[in-house]
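Please examine the sequence and the structure shown below. The paragraphs that follow lead through selected features of the model, one after another.

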Amino acid sequence: MTRYVAAIDQGTTSTRCMLFNHRGEPVSAHQLEHRQIYPQPGWVEHDALEIWERTRTVISTALTRAGASAHDIAAVGVTNQRETTVVWNRRTGKPYYNAIVWQDTRTDRICAELARSGGQDRFRARVGLPLATYFSGPKIRWLLENVAGLREAAERGEAIFGNIDTWLIWNLTGGIAGGSHVTDVTNASRTMLMDLEGTAWDDDILADMGIPKSMLPAIRPSSDPALYGYTAPDGPFGGRIPVCGDLGDQQAATVGQTFFEPGQAKNTYGTGCFMILNTGTEIVPSQHGLLTTVCYKLGDSPTVYALEGSIAITGALVQWLRDNLRMIDSAPDIENLARTVEDNGGIYFVPAFSGLYAPYWRDDARGVIVGLTRYINRGHFARATLEATAYQTREVLDAMRQDSGVALQTLKVDGGMVFNDLLMQFQADVLGVPVVRPKVSETTALGAAYAAGLAVDFWKNIDEMRANWGVDKTWEPSPDDTARTKLYAQWKKAVTRTFNWVENDE
């Protein structure tokens with residue numbers, strides 16, 4: 001009898017496999033980091049083969065830790081870092097180039113060229129997205145233009161594209177021996193190539209981008225009773241298990257929070273920060289720098305849409321402090337270091353390492369630290385690093401209020417950074433609303449499990465999943481409004497100092 005659903009959570013810095021029981025509780029997990037490759041300033045790559053090997057390892061270890069085999073697993077769901085682009089040979093299974101990560105800015109010239117006709121919002125009415133280096137479409141075009149022989153291979157039908165979800169599902173279901181070349185509507189909505197209303201690839205945009213349609217995966221529901229396929233018996237699961245759940249990581253976190261009603265919102269604190277507001281079956285255009293995207297599609301039910309505020313660098317800034325500046329030994333150390341000072345000492349850190357995402361969408365921006373004096377020490381750097389996450393979240397929430405007319409009463413949060421009490425308290429202070437962490441904070445993996453389990457009736461309906469949700473901790477905002485007035489005003493001033501750093505001819 002099946003006891004668990006397996007979720008593969010493939011993120012920007014690591015891959016994990018988690019097994020969940022019917023109560024939505026994690027019973028086993030294993031996680032491994034992979035390399036971050038920086039060939040040039042602004043370029044970020046991953047080795048897709050390394051990610052697949054890490055995936056195999058975390059699956060087998062998670063099964064071993066639970067004392068489980070393929071017979072114990074009802075279904076497999078996948079969630080992934082969105083927009084990260086892989087093109088590989090369907091006959092050999094080998095990528096033509098490293099995966100180009102969502103943070104990568106090398107496609108700025110392609111985006112500028114496309115924007116010459118129609119501006120940055122040239123495709124927004126159809127895809128909900130501005131022209132920006134963030135998304136997959138321009139990355140595919142860059143690969144076709146810069147990897148020798150790739151365009152010819154694509155025209156022959158040998159070279160195929162996928163975000164990381166597609167890459168993993170293809171390998172899980174057999175790879176070169178008949179692997180399924182599929183994606184779900186949430187991941188397809190992040191390519192800039194899918195028409196939101198019809199949830200199908202847009203032929204006109206493909207022509208404008210110069211991308212052969214034959215490269216693209218089939219678009220399927222996020223929870224699919226028809227199944228994407230079965231795990232290969234000789235693969236890491238060691239048996240045939242339905243693969244039937246697929247969600248981009250931020251949409252997966254929304255499902256994991258069981259936010260199935262319009263007006264519900266969450267914020268995920270990971271490598272970046274991503275706030276999603278469920279808008280139901282209505283496609284809501286943004287007037288304030290947000291993205292209009294797909295939230296999820298469960299089986300034959302109508303597609304559900306969302307407004308999203310995307311922030312490129314939050315947890316990644318902590319990693320930068322650890323790996324590049326060596327100010328801390330491990331990411332959790334940042335809270336203790338930040339607590340050695342009473343405030344930020346007057347410094348503000350705007351981490352526009354990949355330009356600014358929501359609500360600005362400025363590819364010309366780069367990171368700045370402002371307000372430095374001889375008074376500043378390591379503690380102030382740590383404090384300013386954490387505060388940058390809270391300020392950026394406030395900017396996105398303000399835009400979301402303007403677009404939706406919904407004034408959030410609480411902010412529900414998830415992701416690795418929500419165990420930082422100092423950050424969560426400051427977040428509540430900057431927003432002026434309570435911040436709530438659920439009992440299962442790793443809702444990204446849980447959402448992938450829910451999508452897969454729902455498809456095979458492991459969970460009969462969304463009410464069963466809602467019953468699993470519970471509050472772990474709440475942070476109430478301080479009655480002192482300094483953080484949300486004076487300090488936030490200084491932050492907004494600091495953001496303007498990042499503009500126009502990269503000149504067009506660079």
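Two residues are said to touch, or to be in contact, when heavy atoms lie within 4.5 Å. This is a predicted model, in which local features need pLDDT of at least 70 and side-chain atom pairs count only at pLDDT 80 or more, while totals for chains, interfaces and linings use all residues. Residues are numbered from 1 along each chain as its sequence is written, and side-chain values use heavy atoms, with hydrogens and water left out.

Consider Gln427, a residue of helix α13 (residues 421-431); helices are DSSP runs of H or I with at least four residues, strands are runs of E with at least two, and both are numbered from the N terminus. Gln427 has a relative accessible area of 0% and is therefore buried (buried means under 20%, exposed over 50%, and partly exposed in between, with a 1.4 Å probe and protein chains only). Leaving aside residues up to four places away in sequence, Gln427 touches Tyr269, Thr389, Ala390, Thr393, Arg394 and Val435. With Ala390 there is a further detail: a polar atom of the Gln427 side chain lies 3.2 Å from the backbone oxygen of Ala390.

The next topic is a pair of helices. Two packed helices are described by the angle between their axes and the distance between the axes. Helix α1 (residues 48-66) and helix α6 (residues 164-172) have axes that come within 11 Å and cross at roughly 60 degrees. Such axes are lines fitted to C-alpha atoms over the stretch in contact, and angles run from 0 to 180 degrees between N-to-C directions. The helices α1 and α6 are therefore oblique to each other (under 35 degrees counts as roughly parallel, over 145 as roughly antiparallel, 65 to 115 as roughly perpendicular, and the rest as oblique). Which residues of α1 and α6 meet? From α1 come Ala48, Leu49, Ile51, Trp52, Thr55 and Ile59, and from α6 come Ile164, Trp167, Leu168, Asn171 and Leu172.

Some backbone details remain. Met192, in the loop between α7 (185-188) and β10 (194-195), has a positive phi of about 75 degrees although it is not a glycine. Met192 counts as buried because its relative accessibility is 1%. Asn500, in the segment after α16 (483-496), is not a glycine either, and its phi is positive, near 60 degrees. Finally, the peptide bond from Ala358 to Pro359 is cis, with omega near -5 degrees. Pro359 is placed in the loop between β19 (348-350) and β20 (368-370).

Methods:
Polar contact = N/O pair within 3.5 Å; in protein donor to acceptor, adjacent residues only side chain to side chain.
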